[in-house]
Amino acid sequence: MEKNIANREPLTKAELNKLFWRYQLQYLYCCNLENWHGNCYAYDMAPLYRKYYDKEGQRAGMMRMMDFLNTEQTTASVLWGILVGMEEQKALGADVDDEMIRTVKSSLMGPLAGIGDSLIQATALPLLTTIAISLAGTGPYSPLGPALFIVVTPILLWVYARFLFDKGYELGKEAVSMLMGKAMEKIKVAVQLFGIIVIGALSASYVKLATPLQFAASADADPVVIQEIIDGVFPNLLGLLLVIGCWWLLAKKGLSVTKAIFGLMAAVVVLGLIGIL
């Protein structure tokens, strides 16, 4: 059980600033392949947990944050703000359960990654890079381009991130009053369904699995391609079975993500060598 060891006082402006800059500047301090950015969120939320909880409560709070998470950092500042607001209200005594925090985090990471990658990684940064290159000149080198890029880029990104963080924090605080009683269960189900839809769409788009197996009834007959038969009945069925199999191993059998990755790599090599994949 989490134990509150501090006065039930809201986060101060200085503490909010610290949480914002800790997330912006120390986000990838402890990224790994098993839960990707989950460790980073746990590390960045540590000051909030230290303010409100004893060692046992801090440990429980960090475990909430350590679930697998993969998103675009700058745009996900709105998610960071929401989580800070929800964690604060939970610590202050509001009825916010662990599952709701985890559901919000896992459901929003996919959409925010798509928006962030398109807006920041594929648009803003290439545009700023192009401007910097043009200012550097094609003849005598000018340091103006790289200097402006180094100065302007973080300023623009941090202004954008701060706006999202502030809006997310307010939303996180307001969400607590919205998520009480029956409303909480309905919204939880809706968020979970939204997360399932996003994961399903990503799986269908990116998980591709096919087999080159074929057979012929006789030496003169045209070969029957197994993959064509499968696609005629259920397109991308093998990819779906792979996703379901991985989910079963991770969720039901407790297999770690790292073991799953290496296991898939080994299976691909072996099945590829014998001609099944």
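Predicted model: local features only at pLDDT ≥ 70, side-chain atom pairs only at ≥ 80, totals over all residues.
Colleague: In which loop is Trp36 placed, and is Trp36 buried, partly exposed or exposed?
Modeller: Trp36 sits in the loop that runs between α1 (13-25) and α2 (38-44), and its phi is positive, about 55°, although the residue is not a glycine. Most residues other than glycine have a negative phi. Since buried requires under 20% relative accessible area and exposed requires over 50%, the 29% relative accessibility of Trp36 means that this residue counts as partly exposed.

Colleague: How are α4 and α6 oriented relative to each other, roughly parallel, roughly antiparallel, roughly perpendicular or oblique?
Modeller: Two packed helices are described by the angle between their axes and the distance between the axes. The axes of α4 (residues 55-65) and α6 (residues 98-136) come within 9 Å and cross at roughly 30°. Because angles under 35 degrees fall in the parallel class, α4 is described, relative to α6, as roughly parallel.

Colleague: How many residues of the contact of α4 with α6 are charged?
Modeller: From α4 the contact draws on Met63, Arg64 and Met65, and from α6 on Asp98, Ile101, Arg102 and Lys105. Asp, Lys and Arg count as charged, whereas Met and Ile count as nonpolar. The contact therefore divides into three nonpolar residues, no polar ones and, as the number asked for, charged residues numbering four.

Technical notes: Residues numbered from 1 in each chain as written. Heavy atoms only, no water. Helix = DSSP H or I, 4+ residues; strand = E, 2+ residues; numbered from the N terminus. Buried < 20%, exposed > 50% of the residue type's maximum accessible area, 1.4 Å probe, protein only. Axes fitted to C-alpha atoms, helices over the stretch in contact; angles between N-to-C directions. Parallel < 35°, antiparallel > 145°, perpendicular 65-115°, else oblique. Contact = heavy atoms within 4.5 Å.
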